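Subject: Structure handover

Hello,

Here is the structure we discussed. Please look it over before you read my notes below.

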Amino acid sequence: MSRVYNFSAGPSMLPEEVLKTAADELLEYGTTGQSVMEMSHRSKEYDAIIKEAEADLRDIMNIPENYEVLFLQGGASTQFAMVPLNLMSKNNKADFIVTGQWANKAYKEAARYGEARVVASSADKTYSYIPKTTAADFDKEADYVHICMNNTIYGTKFHELPDVGDIPLVADISSCILSEPIDVSKFGILYAGAQKNVAPAGVTIVIIRKDLIGNAMDITPTMLNYQTHAENGSMFNTPPCYCIYVAGLVFKWIKKLGGLTEMKKINEEKAKILYDFLDGSKLFKGTVVPEDRSLMNVPFITGDEALDAKFVAEAKAAGFVNLKGHRSVGGMRASIYNAMPVEGVKKLVEFMKKFEEENA
Ligand SMILES: *Cc1c(COP(=O)(O)O)cnc(C)c1O
């Protein structure tokens, strides 16, 4: 067996140790005589798995008591509708900072249910930076302000949160969850699809301040009401059981590693290796302004589409896969999520150096 270095933006690499544990427990979990895949979600064994996953997530993210943790389905994309259906019920208004395709989708979906407003956008420069805002830019009557914290496609990240005063801040953290410590108390809602940094595709994590639950619009389908899931411990219907189990293994892997402070150090080390190389390279260049660079998604180009394609093909043959940029932007993108080892980034940079010499 030879495993490649997978730079996919998602679904992406999982820690090898986690995959091994999952493999060991695949046929029989503990002494239950069955796989987690086969278990009743109402069994006491599964109840322990989901409760422990939640407790570990609360521990590593330091989630305050007044926040609910929900394990839902439908991906981050379902949250684009679920957030407005549940929150836009006071003044039927929400403000958006549009920093890429995902942020724009959240805005467009909210516009179907109320008065959605774009407060700032970086569309003018292909989303290569994070626009600056002040508290005065936001409508005091907005029911929430939405941001996409890490822009998976364009490789930008909010290193500082916008000052939104007392308006609940909602953030899509699909591609940066668990990559570094985050002050949960600054947010009304945090949500993330799991397939970037947490688990296989299929579970969506929602962390929501309790006072924001229970205000859904009348038209809200039962399954899209946060209250439904909060009142039923994420078990109103069958949850994505196996994904939650793997997420739990990933939480334990992070705890063992030293938590999110340690995770951040490793992620900074990896990102620095790649950005330093890009900054010194005569062939490759990063596409994002340095101050807004993501730790997780690193887009770069040669400036020549044919050469980009040659690079992607040769990298793939050498065991560095999924380096092609998003179809909407072209070029290359290396996603270096938590599970990518430092060694994988070092080897990628060695490969890029060699490619640069050969194609000078
Ligand atoms: C991948 C991604 C999404 C879409 O997630 P799904 O789970 O496929 O709906 C949304 N937002 C961001 C920031 C993403 O990276």
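Contact here means heavy atoms within 4.5 Å. This is a predicted model, in which local features need pLDDT of at least 70, side-chain atom pairs count only at pLDDT 80 or more, and totals for chains, interfaces and linings use all residues. Residues are numbered from 1 along each chain as its sequence is written, and side-chain values use heavy atoms, with hydrogens and water left out.

Domains

The chain is divided into domain 1 (5-15 + 258-359) and domain 2 (27-256). These bounds come from an automatic or database domain assignment. The C-alpha centres of the two domains lie 26 Å apart.

Interface

In domain 1, 30 residues are in contact with 34 residues of domain 2. About 2500 Å² is buried between the two domains, and carbon and sulfur atoms give 59% of that area. Buried area is the accessible area (1.4 Å probe) that two parts lose on being put together, summed over both.

Between the domains, 18 residue pairs are in polar contact, both residues at pLDDT 80 or more. A polar contact is a pair of N or O atoms within 3.5 Å; within protein, one must be able to donate a hydrogen and the other to accept it, and residues adjacent in sequence count only if both atoms are side-chain atoms.

On the side of domain 1 that touches domain 2, helix H7 (259-280) and strand S12 (297-301) are the elements that give two or more residues. H7 gives the most, with six residues. Helices (H or I, at least four residues) and strands (E, at least two) are DSSP runs, numbered from the N terminus.

Salt bridges

The rule is a side-chain nitrogen of Lys or Arg within 4 Å of a carboxyl oxygen of Asp or Glu. The count comes to 25 salt bridges. One salt bridge is found across the domain interface. Glu-180 and Lys-264 meet in a salt bridge at 3.8 Å, N to O. Asp-47 and Lys-51 also pair, at 2.7 Å, N to O. Why are Asp-47 and Lys-51 separated by about one helical turn? Because they are four residues apart in helix H2 (residues 44-61).

Ligand

For Lys-196, the distance from a side-chain N or O atom to a ligand oxygen is 2.6 Å. Asp-172 has a side-chain N or O atom 2.6 Å from a ligand nitrogen.

Best wishes
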